[in-house]
Amino acid sequence: MKGKKKLIVFSADAMVGEDVEYLKTLPNYKRYLEGGCRIERVASVYPTITYPCHTTMATGVWPDKHRIPGNCQFIPGADPLPWRWDYRFVEWKEDIFTAAKKAGYTTAAVFWPVTGNHPYIDYLIDEYWTQGPEDTPRQAWRRMGSSEEMLDIVERHIGENQIRKHPPTEEFIIGCTCDIIRRFQPDVLFLHPANIDDYRHKTGLFNDRILEGIRETDKWIGEIMRAVEEAGELENTNLVLTSDHGQLEIKRVININVFLADQGLIRKHEDGSLKDWDAWSLSGGMSAAVYLRDPKDREVYEKTYRILKDMAQEGIYGISQVFTREEAKAHHLDGDFSFILETDGYTSFGDAINRPVVTNYDLEDYRYGRATHGYLPGKGPQPVFLAKGPDFRENVTLKSGRLIDQAPTYAKLLGVELPRADGKPLGCFLR
């Protein structure tokens with residue numbers, strides 16, 4: 001209905017505060033975001049990985065409650081590792097989509113992480129891709145809960161695009177988003193392009209390729225808002241440009257599982273493939289979660305802990321800190337792991353069980369690129385939050401803020417409640 005509040009949240013994966021100065025020079029920022037609200041440094045969550053971050057952005061709770069500790073599922077030896085695409089992985093079910101839908105708003109999400117088969121998203125295209133050469137786009141996205149109307153939109157825009165190649169993936173995301181806006185005018189719409197994240201993984205933190213990614217982002221903001229204007233909803237629409245984490249440049253990748261295998265905690269067949277395991281390190285980039293097959297086996301627990309602590313103390317294996325599960329809870333992180341390994345600031349952790357121990361960049365895996373994330377959230381360049389629209393105040397800037405406050409802020413803007421969220425609404429931003 002005319003006059004109903006509208007909210008678009010555009011998460012530009014890995015955009016950081018330093019990028020905003022260039023963004024400010026571009027035409028669509030000037031038209032749609034200039035003179036609004038801004039947080040200069042947004043504190044992310046631990047680990048600073050896309051799926052934990054975006055689940056927090058939608059729920060307003062820390063990872064110790066929503067229980068999304070990383071992008072990938074934990075399956076020792078699997079290659080490639082399947083991701084946590086589906087909403088069933090989220091243990092905390094009170095999110096902004098659910099609250100908005102129950103209050104009578106229509107909801108949409110395009111490539112927002114961990115939303116597959118979400119029951120309260122009306123127009124859903126999950127962050128997903130075909131699972132092998134025989135899978136079709138229609139089969140894939142139907143599996144993740146897209147309606148027939150959404151599958152038609154997917155097929156219209158997928159063309160020859162290879163999902164997870166950038167920027168073709170983003171052209172697909174933006175095309176789908178604009179179609180959804182024009183056809184259905186959803187009240188609440190979240191989308192997640194990742195071109196800047198990909199460029200940083202492959203080329204480093206600051207360079208011409210990143211500037212190109214910022215220009216692309218500005219272009220896509222313009223395309224989305226022109227679709228809003230064509231739908232006759234520009235005056236009712238609140239726009240948020242935000243991000244999930246920054247990145248740090250790495251110098252090497254160290255395969256922790258090689259050392260666990262040396263100590264008999266991982267057993268291999270003669271060809272080097274995985275036979276069995278008692279302890280396993282799963283990389284999150286610049287952190288890693290170490291799982292035990294039987295966390296109650298004190299002998300294995302103490303042996304693994306001693307090995308990891310000795311490696312950290314020696315100072316050459318890339319580990320600055322070893323957190324037990326109890327210690328990780330102090331950083332609002334919990335899960336089925338027994339230990340968390342934190343980087344020394346220039347090392348990423350690998351999953352390989354065979355030598356070499358130290359490897360160089362692998363630009364096909366985001367965890368091993370020239371830059372990556374996963375570290376404690378206080379490190380490095382920080383995420384962004386910019387907002388403008390009829391329900392946001394003008395020219396309000398905060399020096400710092402928190403990722404967990406985003407969902408409560410959206411809820412307050414829409415007049416709905418997330419009563420058990422860890423975050424608090426940013427009332428100073430709202431009219």
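Predicted model: local features only at pLDDT ≥ 70, side-chain atom pairs only at ≥ 80, totals over all residues.

Reader: Is Thr98 buried or exposed?

Author: The cut-off for buried is under 20% relative accessible area. Thr98 has 7%, so this residue counts as buried.

Reader: Which residues is Thr98 in contact with, leaving aside its neighbours within four places in sequence?

Author: Tyr87, Lys93, His118 and Tyr120 are the contacts of Thr98 once those neighbours are set aside.

Reader: How should I read a whole helix for burial?

Author: An α-helix has 3.6 residues a turn, so residues three or four places apart point the same way. Now look at H14 (residues 406–414): 8 of its 9 residues are buried, so the helix is largely enclosed by the rest of the structure. The buried ones are Gln406, Ala407, Pro408, Thr409, Tyr410, Ala411, Leu413 and Leu414.

Reader: What follows H14?

Author: Gly415 does, and its phi is positive, near 80°.

Reader: And how do I describe two helices that pack together, such as H9 and H10?

Author: Start with the angle; over 145 degrees counts as roughly antiparallel. H9 (residues 195–203) and H10 (residues 208–230) pack at about 175°, with axes 9 Å apart, and the two are therefore roughly antiparallel to each other. From H9, Asn195, Ile196, Tyr199, Arg200 and Thr203 take part, meeting H10 residues that include Ile210, Gly213, Thr217 and Trp220. Sorted by class, this contact has 5 nonpolar, 4 polar and 3 charged residues.

Reader: What about strands?

Author: In a regular strand the side chains alternate between the two faces of the sheet. Strand E15 (residues 347–350) has Thr347 and Phe349 pointing one way and Ser348 and Gly350 the other way, and all are buried. E15 runs parallel to strand E8 (residues 252–255), and 4 bridges join them. Within E15, Phe349 is the bridge partner of Ile254.

Reader: Which residues touch the most other members of the largest nonpolar core?

Author: Ile125, Trp141 and Ile180 do, in a core of 73 residues. Beyond its neighbours within four places in sequence, Ile125 has contacts that include Phe111, Trp141, Met150, Cys176 and Ile180. Apart from this core lies another, of 39 residues, with Val188, Phe190, Ala411 and Leu426 among them.

Terms used: Residues numbered from 1 in each chain as written. Heavy atoms only, no water. Axes fitted to C-alpha atoms, helices over the stretch in contact; angles between N-to-C directions. Parallel < 35°, antiparallel > 145°, perpendicular 65-115°, else oblique. Contact = heavy atoms within 4.5 Å. Nonpolar A, V, L, I, M, F, W, Y, C, P; charged D, E, K, R; others polar. Buried < 20%, exposed > 50% of the residue type's maximum accessible area, 1.4 Å probe, protein only. Core = buried A, V, L, I, M, F, W, Y, C linked by side-chain atoms within 4.5 Å. Pairing = 2+ DSSP bridges.
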